[in-house]
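Subject: Structure handover and notes

Dear colleague,

I am passing the structure below on to you, together with notes on what came out of going through it. Please read the notes with the model open beside them.

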Amino acid sequence: MKALPLKVPGFRLNNDVLIPAVGLGVYQMPNDAYTVKAVYHALKCGYRHVDTAMIYRNEESVGKAIAASLIPRDQIFVTTKLWNSDHGYDQTIRAFNESLKRLGLEYIDLYLIHWPVQGKRKDSWRALETLYSEGRCKAIGVSNYMEVHLRELLGHCRIIPAVNQIELHPYIFHSRFQTVEFCRENGIIPVAYSPLTKGEKLNEPVLLKLASKYEKSTAGILLRWALQQGFAVIPKSSVFSRIEDNLRVFDFSISESDMQLLSNLDENLVTGWDPDGTP
Ligand SMILES: NC(=O)c1ccc[n+]([C@@H]2O[C@H](COP(=O)([O-])OP(=O)(O)OC[C@H]3O[C@@H](n4cnc5c(N)ncnc54)[C@H](OP(=O)(O)O)[C@@H]3O)[C@@H](O)[C@H]2O)c1
């Protein structure tokens, strides 16, 4: 294995907690021994940030890998998320406790509302505030919140979300720009999910050309673009060599004109569900 960075840089959240700029996403990775190995491998390579969710149904495997790594708990940043069917104050507290148990942890670094479910999301946020005040999570935030949802939240919250995790890559950048700007104005760090377009665009000629210019993979180009935008990234891979590749993004930078070129590739490509239009 080629040498990898020992320490991944981070972004400072609005409560001073540091979020490692690159994390391993584990969506669609089964709750099995291979996933334990993949997460363990990532931790051994230098990853210190893992992004899971109740609905991914692999929190146990993530927890097992963390335990096996023997890395001190305070050096690993774990995100998990409240699923749509668990909204409401009491249900949120219960769901949080269950996630904690499955992960085998005593606290979560970042707990997110996965989706702006209409109806009970205000109560759910109050529960996140309680969990945060009790020190049971080090930071709280949201996911798939568009500007309209964030405005509503900022209108009633006691604690401003630390992050907003949304789909972000060049092929959706302009369509998400208003939400990104709103996050920036309010000190909310955008976390880019599906930063590799779920693999859909990795063979696009423009990316291949830049990859060859910077002597990086096309995945590396997409990740570096996001980092230079100020987004944390959580690429998913189950392949050891790609897990490593996705961390090799701190030894080069993309020029301003190439950043511009990438930022203009927008075609409103939504690779998952689109939260735009959710009331
Ligand atoms: N909050 C939300 O609603 C939400 C929604 C979606 C995703 N997420 C989070 O964001 C994470 C990442 O998003 P994602 O899983 O949708 O997609 P992604 O990270 O954009 O792309 C993953 C795909 O790219 C491939 N890949 C990864 N690294 C590669 C490389 N270096 N070269 C070539 N191919 C590579 C992977 O295949 P292999 O595994 O075979 O390498 C996989 O097919 C998720 O795992 C999850 O943690 C959150």
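Helices H8 and H9 each contribute at least two residues to the lining of the largest pocket. Please keep in mind throughout that this is a predicted model.

The largest pocket has a volume of about 870 Å³, and 36 residues line it, with Tyr27, Gln28, Ser194, Lys198 and Lys236 lying nearest its centre. Sorted by class, its lining comprises 15 nonpolar, 16 polar and five charged residues.

The second largest pocket holds about 350 Å³ of space. Its lining is made up of 17 residues, and those nearest its centre are Leu18, Pro20, Asp74, Gln75 and Ile76. Strand E2, which covers residues 18–20, gives the largest share of that lining, namely three residues. By class, the lining of the second largest pocket divides into nine nonpolar, three polar and five charged residues.

Turning to the ligand, 28 residues surround it, and the closest of them are Asp51, Leu196, Lys236, Ser237 and Arg242.

Helix H8, which runs over residues 218–228, is largely enclosed by the rest of the structure, because 10 of its 11 residues are buried. The buried ones are Thr218, Ala219, Gly220, Ile221, Leu222, Leu223, Arg224, Trp225, Ala226 and Leu227. These buried residues pack against strand E1 (10–12), strand E10 (232–233) and the helices H6 (173–185), H7 (205–214), H9 (240–245) and H10 (256–263). Just after H8 comes Gly230, with a positive phi of about 90 degrees.

Asn246 sits in the loop between H9 and H10, and its relative accessible area of 3% makes it a buried residue. Leaving aside residues up to four places away in sequence, Asn246 touches Val22, Tyr47, Leu196, Ala219, Leu223, Pro235 and Ser237.

Which backbone angles deserve a look when you check the geometry? Most residues other than glycine have a negative phi. Against that background, Gln28 has a positive phi, near 70 degrees, and Arg57 also has a positive phi, of about 55 degrees, although it is not a glycine. Gln28 lies in the loop between strand E3 (24–25) and helix H1 (33–45), and it counts as exposed because its relative accessibility is 60%. Arg57 is placed in the loop between strand E4 (49–51) and helix H2 (59–69), and with a relative accessible area of 52% it is exposed too.

With best regards

Conventions
Residues are numbered from 1 along each chain as its sequence is written. This is a predicted model: local features need pLDDT of at least 70, side-chain atom pairs count only at pLDDT 80 or more; totals for chains, interfaces and linings use all residues. Side-chain values use heavy atoms; hydrogens and water are left out. Buried means under 20% relative accessible area, exposed over 50%, partly exposed in between (1.4 Å probe, protein chains only). Helices (H or I, at least four residues) and strands (E, at least two) are DSSP runs, numbered from the N terminus. Contact means heavy atoms within 4.5 Å. On a 1 Å grid over the protein atoms alone, a cavity is a set of points where a 1.4 Å probe fits but cannot get out, and a pocket is an open set with protein on both sides within 12 Å along at least five of seven lines; lining residues have an atom within 4 Å of a point. Grid points are joined across faces, edges and corners, and a volume is the space filled by probe spheres set on the points. Ala, Val, Leu, Ile, Met, Phe, Trp, Tyr, Cys and Pro count as nonpolar, Asp, Glu, Lys and Arg as charged, and the others, Gly among them, as polar. A residue is near a molecule or strand if one of its heavy atoms lies within 4 Å of it.
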